Amino acid sequence: MFSAYTIVFIFLIITAALTWVVPQSVVVSNNGMKEVIYNAIFNDAGEVIKGVGRQPVGLWDVFMAPIKGFEKSSSVSIAILMAGAFLGLINSVGAMDAGIGALLKKYTGTTLIAILMFAFAVFGSVFGFWEEIPAFSIVIVPLFVLAGYDVMTGLAVLTVGATAGNMSSVVNPFSTGAAIGAIGNPELSLGSGMVLRLIMFFVLYLVGLFFTVRYANEVKRNKEKSVVADIEVNTMTDEQAELPELTKRRFWSIIVLIAIIVLLILGYMPWYEIKLQGGRTFQDIINAPIYLLAKIPVLGDLLGAKHMTPLGDWYFGEFSFVFFLGSILIGLINKIPEDKFVKEFAGGAKDLLGVVLVLAIANGISVLMGGKTSGMSVTFVYWIQSALQGIPAWAFSVATVLAYVGIGCFLQSTSGVAGITMPILGAVAMALFQNSKVGAAGGQIMLISAFTLGINFMSGIYPSATTMGTLELFNVPYDRYLKFVLKIFITMLATGCILISISQYLGLI
């Protein structure tokens, strides 16, 4: 399989080729109603020119598209780089490893499974935890073997927990953030649909926890119940790595991470949806301390309180801000020398530069496709909308989940898939539901949740380098892994589909 860069660039070339045969169309306003004029363009004066829709692009446009795509995705890109820089720093001081080690010493059995799975689910939902699994498995899997379970129990804690978090992706910039950025609707932020994604997170986590605990207890009672009972696996119990000690500095570093997660939820939660008496909303209440701070002479100006974005109105800039501030706090808490701080900060950002480049190429596709009011994208929306006319919201959500499961067979980059598909499907969702109870933004929220659910379901079972590398460490055959996780992930997928389908009736969108 080609790399994500190559696959996305191939889609870019295909898109360029389509401009030679697929006409552009435009959207105009007719007595307050939007109308698509097929096979037409806008001239420089904004006038509609009919019958000249085909606007073929050449090599200049193909190689310029990723550059323009990078400009288009700049806000998402800086958020990804700041998150990477923070993770590089907190990992360099051993805080996350030490925190896991402290949990291992304090808890055992079902309690330990529940806590660790929740931690990995949170990591998945906040920053797309997956590539880190091999490193953590060297510690987690031997621990569960020594506790009387089997290798698969340890692998399940990691993979099932992370998949539950990734499938919900509450504030994950690599999937939810990339999708919102690719749709390009200024009315959407990471807070849009957050309540739905939070509910999905807890429900999917509980589904995964139920299956994992049930299996773990069966194996502990009878080793023959293990899915790897008849084969020789590598438990790595003789090579169990020693985790660093949870010092005060590492403890406070973890507190910074927790504070960032809490701040992100507070910042993106749409508090203005909670109406109070007198025309006020709960956003006024939760931001009262900020408003009060802004009125304090000198201190308010020193902190820049007047310029703080109110909680509930955050966007990608605020996401970048909290991770940038968190990085500085990690440096101060751990007294990291300036030269090492810069090296680890830049190194963490560099590790995620590949994601940013994939996103830039993917957004280049939307540059060639066109925008919401003109371009080849309008033509595709027109065709798809005509085919799906009258489809109920629940059917649309299920169909898109299944579509993303299929797409995940060929492309694993969530940011790449978002860049390729969201400009079209986002516009389709807007067109299909703008005059319905769901609304245009509601349809796009359902689409985003369907995207994270479907693409990350496939990531959990796809034979990627991360999955296969981890299984190779413990000599666990891929078919045994699938035999164990497939029923869990399918149940989670079906549960997520139901939640998205009924979200409109529960007032979640």
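Start with Phe 120. Its relative accessibility is 0%, so Phe 120 counts as buried. Buried here means under 20% relative accessible area, exposed means over 50%, and partly exposed lies in between, with a 1.4 Å probe and protein chains only.

Some ground rules. This is a predicted model, where local features need pLDDT of at least 70, side-chain atom pairs count only at pLDDT 80 or more, and totals for chains, interfaces and linings use all residues. Residues are numbered from 1 along each chain as its sequence is written, and side-chain values use heavy atoms, with hydrogens and water left out.

Back to Phe 120. Leaving out residues up to four places away in sequence, Phe 120 touches Ile 100, Phe 129, Phe 136, Ile 140, Val 157, Leu 158, Gly 161 and Ala 162. Contact means heavy atoms within 4.5 Å. In the largest nonpolar core, which has 162 residues, Phe 120 and Leu 264 touch the most other members. Such a core is a set of buried Ala, Val, Leu, Ile, Met, Phe, Trp, Tyr and Cys residues joined through side-chain atoms within 4.5 Å. Helix α9, residues 194–221, gives the most to this core: 14 residues. Helices are DSSP runs of H or I with at least four residues, numbered from the N terminus.

Now the rings. Rings of Phe, Tyr and Trp (its six-membered ring) pair if their centres lie within 6.5 Å; planes under 30 degrees apart are stacked, over 60 edge-to-face, the rest tilted. The count by this rule is 28 aromatic pairs. Phe 120 and Phe 129 make a stacked pair, 5.3 Å centre to centre with 20 degrees between the planes. Phe 129 is also buried, at 0% relative accessibility. Compare Phe 210 and Phe 211: centres 5.5 Å apart, planes at 75 degrees, so that pair is edge-to-face. Phe 210 is partly exposed at 49%, while Phe 211 is buried at 15%. Ring pairs also link Phe 120, Phe 123, Phe 127, Phe 129 and Phe 136 into a cluster.

Next, helix packing. At what angle do α18 and α22 pack? About 145 degrees, with the axes 8 Å apart; α18 is residues 393–407 and α22 is residues 478–502. Axes are lines fitted to C-alpha atoms, over the stretch in contact for helices, and angles run from 0 to 180 degrees between N-to-C directions. From α18, Trp 394, Ser 397, Val 398, Val 401 and Val 405 meet Leu 493, Cys 497, Ile 500 and Ser 501 of α22. That contact has seven nonpolar residues, two polar and no charged. Nonpolar covers Ala, Val, Leu, Ile, Met, Phe, Trp, Tyr, Cys and Pro; charged covers Asp, Glu, Lys and Arg; the others, Gly among them, are polar.

Last, Gln 444. It is found in helix α20, residues 440–461. Is Gln 444 buried or exposed? Buried, at 2% relative accessibility. Beyond four places in sequence, Gln 444 is in contact with Ile 183, Asn 185, Leu 188, Gly 426, Ala 429 and Met 430.

Definitions and conventions. Helices (H or I, at least four residues) and strands (E, at least two) are DSSP runs, numbered from the N terminus.
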